[in-house]
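Biologist: I am new to this structure and would like to learn how to read its features one at a time. Could we go through them slowly, with the general idea before each case?

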Amino acid sequence: MLRVFCHNTQTTKEFQEGTTLLEMLPEFDFERPFPIVSAKVNNVSQGLKFRVYNSRDVEFLDIRKGCAMHVYVRSLCFLLYKASVDLFPGSRLYMEHPISNGLYCRIKKTDGELLNMQEINMLRERMWSIVNDDMQFHRHEARIEDAIRIFEGLHQTDKVKLLETSGQAYTDYYTLGDVTDYYYGRLLPSTGYLTIWEIEPYDDGMLLRIPDRRQPDRLAQSTPQPKTFGMFAESLKWNIIMGLGTVGDVNLACQSGKARELVQVAEALQEKKIVQIAEEIDRRYHSEDSVRLVLITGPSSSGKTTFCKRISIQLLACGLKPVSFSTDDYFVNRVDTPKLPDGSYDFDNFDTVDHDALERDLLALLNGEEIEVPEYNFVTGIREYNGKRLQLKPGTVLLLEGIHALNPQLTKRIPEASKFRIFISTLTSTALDDHNWIPANDTRLLRRIVRDYNKGAFTARQTISQWPNVCEAEEKWINPYQENADVMFNSAYLLEFAVMRNHAESILASVPKNCPEYCEAHRLLRFLHYFTPVPDSEIPATSMLRQFIGGSSFI
């Protein structure tokens, strides 16, 4: 007999060796407002079919937890793939990227055509039929060579390349009926769990809609994001031209000695985009309605600091004089900072910034007046005036950077024509394979973990612990305004994970196994193992990446 401690009930029960989590679940009585879809076993995410052979700690999860949502969405993707194989033999499914609170995907038939509305409706009906049949997801473990042969036989070269370059001895793959697929995490026990989803036309493909994480019994609200979609399309177009659609392609290129060339091309592409943005600002500065204020925002670890430095250089090259300005210096005194329900300071709240004072000073500057600029003392938590004065001269543009810069309430009295808005994000366009996309948040989380650790600010455990609150604040205060931007800049880097692997592995390995944060650390470590490491000696000092791994010439 083995002993299982259940975190949901804070009780321990005995079970026979080899009992599955699904079989254990009825033995623990706790409130379940939503269906249990996965569990953490000793702080590692597992599917409910996981068999326990030794005494363990177990926490059962619904999809309000991030790792459980991953299990649900991966299973939903397999459901879509199974239905596409059944209806359109020989077709290819591409799960491309998250957008509009769902997943953008395309199914290309053997004749090269995409699905029409009638065929999308047929697909939906087939998916519901599979859900109603409650088909079992089956996990299989195999030697990597055997798995490669299986996917070679299925002509899935994307998975073959990923597995060939992974460096692993064994791997898992899954079957649903007569369909085989690969996923880099656990799945649900069966399709009967998949009751909240929808598919609908989106651009030239489809949007696979998923549950709302806060209210899992309903769909997440779909919001139009045409500018964000366009930025993804721009990145994907370049990847296709270069033949680097998946991580396996990138790994093979690096293993054949092309890493330096890929770094140089990635840097050139980002610099080209920055030059285009600077030239547009210059054009609008010299237009009838002159742009004088450039508003720059983006979520945590998107690269705002380095972007501001690089856009400043390009504006100088255009003959303009950029002056940088930060909303951080207009923080209210710490005692006046809004608080969260638990009593801690809510530093991401809009009212953390004295927006009335900031807007008053911006208006004065744009009218040619000289002002005294405050400096926020982060040690004392007080906004100080130390005699620093500022006045905009002819040919000067003001760069205002901060998480609330695109919030219309921050600059509501400033004429629209004088503002130019830039939103920076990390939209990773390269996927692990055709069915496994890379979440944009993974890029930023790894950046923040490495940066915080190198600066001695926080341990990896602390950064991971804070991350859900960071993302929740971004959803409230930053993301709603990203489509207001005049231009979007994607700071995601083609070889980012290959470079980050060298920095992040040892940091993530320091997270204790007996803490809740180990679950995310373990997932990120497994994820990084898919990438062929690239030394950071190839990364120039002006790169966006240097802001996080160190060695930046701008800091």
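Biologist: Where does Gly395 lie, and is Gly395 buried or exposed?

Modeller: Helices (H or I, at least four residues) and strands (E, at least two) are DSSP runs, numbered from the N terminus, and Gly395 lies in the loop between strand 20 (389-390) and strand 21 (396-401). Buried means under 20% relative accessible area, exposed over 50%, and partly exposed in between, with a 1.4 Å probe and protein chains only; Gly395, at 16% relative accessibility, therefore counts as buried. This is a predicted model, in which local features need pLDDT of at least 70 and side-chain atom pairs count only at pLDDT 80 or more, while totals for chains, interfaces and linings use all residues. Residues are numbered from 1 along each chain as its sequence is written, and side-chain values use heavy atoms, with hydrogens and water left out.

Biologist: Which residues is Gly395 in contact with, leaving aside its neighbours within four places in sequence?

Modeller: Contact means heavy atoms within 4.5 Å, and with those neighbours within four places left aside, Gly395 is in contact with Tyr285, Leu320 and Lys321. The C-alpha atoms of Gly395 and Pro322 are separated by 8.5 Å, although these residues are 73 residues apart along the chain.

Biologist: What can be said of Asn349, and where is its place?

Modeller: Asn349 is found in the loop between strand 16 (321-326) and helix 10 (355-366), and at 12% relative accessibility Asn349 counts as buried. A polar atom of the Asn349 side chain lies 2.8 Å from the backbone nitrogen of Asp351. Beyond its neighbours within four places in sequence, Asn349 is in contact with Pro338, His404 and Trp477.

Biologist: How should I read a positive phi, and which value does Gln10 have?

Modeller: Most residues other than glycine have a negative phi. Gln10 has a phi near 60°, a positive value in a residue other than glycine; Gln10 lies in the loop between strand 1 and strand 2 and is exposed, with a relative accessible area of 54%. Asn42 also is not a glycine, yet has a positive phi of about 50°; Asn42 lies in the loop between strand 4 and strand 5 and, at 32% relative accessibility, counts as partly exposed.

Biologist: In what order do the five strands of the open sheet come?

Modeller: Two strands pair if DSSP finds at least two bridges between them, and here five strands form an open sheet in the order 2-1-7-4-5, with mixed pairing. Strand 2 (11-15) and strand 5 (44-46) are the edge strands, each pairing on one side only, and the twist averages 35° from one strand to the next. Strand 1 (residues 2-6) and strand 2 run antiparallel and are joined by five bridges, with Phe5 standing opposite Thr12 in strand 2.

Biologist: At what angle do helix 11 and helix 14 pack?

Modeller: Axes are lines fitted to C-alpha atoms, for helices over the stretch in contact, and angles run from 0 to 180 degrees between N-to-C directions. Helix 11 (residues 440-455) and helix 14 (residues 518-528) pack at an angle of about 105°, with their axes 12 Å apart. Angles of 65 to 115 degrees count as roughly perpendicular, under 35 as roughly parallel, over 145 as roughly antiparallel and the rest as oblique, and helix 11 and helix 14 are therefore roughly perpendicular to each other. Helix 11 contributes Asp442, Leu445, Leu446 and Ile449 to the contact, and helix 14 contributes Glu520, Arg523, Leu524 and Leu528.

Key. Polar contact = N/O pair within 3.5 Å; in protein donor to acceptor, adjacent residues only side chain to side chain.
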